[in-house]
Amino acid sequence: MDTQEKIIQLYKSGLSLAEVGRQCFLTPYKIKKYLQKNNIPIRSRAQQNQLTNMQRTKAVNHEYFQQIDSVNKAWLLGFIAADGAISNNRNAITIKLSAIDVSILQQIKQELQIERNIFTSITNNGFEICSLEWSSQKQKQDLAKYGIVNNKTYLPMHLPKFTNDNLILAFILGYFDGDGSISVDKNYHLRFRLCAHRPELLEDIALYLSKKYNCSYSLSQDKRQLWELSISTKYAKQIFKDLYSLNSIRLDRKYQKYLEYINHETMTSLL
């Protein structure tokens, strides 16, 4: 590689004019003039500082949410919508869960190519939790396009307008894994439930599922002022079947409960 090619490659990799100059034994002024001659856009000081700071942080796939084009991306978008925390003054994104669900954080860490470690701690009441935090201005900006922002719990959020049904279902599964529950009563009636502090996202999901499955649903507010979307056995079975056929990331604890229900139903039908 000659010096000219090296200058372009180093600058495009994110190095500053000064750093490229040091590596090529040229002044920043000469580096800049050469890049301009070859129609390479020169970053402003603010852009260069932002890029340099990003490179100094622990590794992460900053472009991950730029385009939601896989069920894993849609699932993770839904999961962060439910269980993620976006910092107000920093570029930090954090997920905190019960320690029993640490395996899902390990999957998320691998999916996002996060270099940071997962930390465990004990709350004041003796509850063990695990957390994963990473920093990405680009991810923070991309998540904001979907209403996933600081203090999102108390702000309106809507179902993403994906044209692919599988992506919508994967988002719903991600949200379910974060803020949903699967319940089976004493008569072995299955229920699909989602909770939220605001109704907008649940209304969107209810409308989508009611159209797709021609199903009825209940959407109401409880004594804690939480909204709950509930769908009963007949339709819940098909919804869960489709959600778990996506082959996306999923919270194993809830998936196992679904399998227990299916196994019980299969055994009962054989008696």
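Predicted model: local features only at pLDDT ≥ 70, side-chain atom pairs only at ≥ 80, totals over all residues.
Trainee: How far does α5 reach from its first C-alpha to its last?

Mentor: Helix α5 runs over residues 71-83, which makes 13 residues. At 1.5 Å a residue, the expected reach is 18 Å, and the helix comes close to that with 18 Å.

Trainee: Is Lys-73 buried or exposed?

Mentor: Lys-73 pairs up with Asp-69 in a salt bridge, with the closest N and O atoms 3.0 Å apart. Asp-69 is partly exposed at 47% relative accessible area. The cut-off for buried is under 20%. Lys-73 has a relative accessible area of 16%, so Lys-73 is buried.

Trainee: Which residues are linked with Asp-142 in a network of salt bridges?

Mentor: Start with the Asp-142 and Lys-145 salt bridge, where the closest N and O atoms are 3.1 Å apart. Asp-142 is buried at 2% relative accessible area, while Lys-145 is exposed at 62%. The network links Asp-142 with Glu-63, Lys-138 and Lys-145.

Trainee: In β4, what is the bridge partner of Ser-121?

Mentor: Strand β3 covers residues 119-122 and is joined to β4 by four bridges, with the two running antiparallel. They form a hairpin with five residues between them, and Gly-126 in the turn has a positive phi of about 85°. Across in β4, Ser-121 is partnered by Ile-129.

Terms used: Residues numbered from 1 in each chain as written. Heavy atoms only, no water. Expected span 1.5 Å × (residues − 1). Pairing = 2+ DSSP bridges. Salt bridge = Lys/Arg side-chain N within 4 Å of Asp/Glu carboxyl O. Buried < 20%, exposed > 50% of the residue type's maximum accessible area, 1.4 Å probe, protein only.
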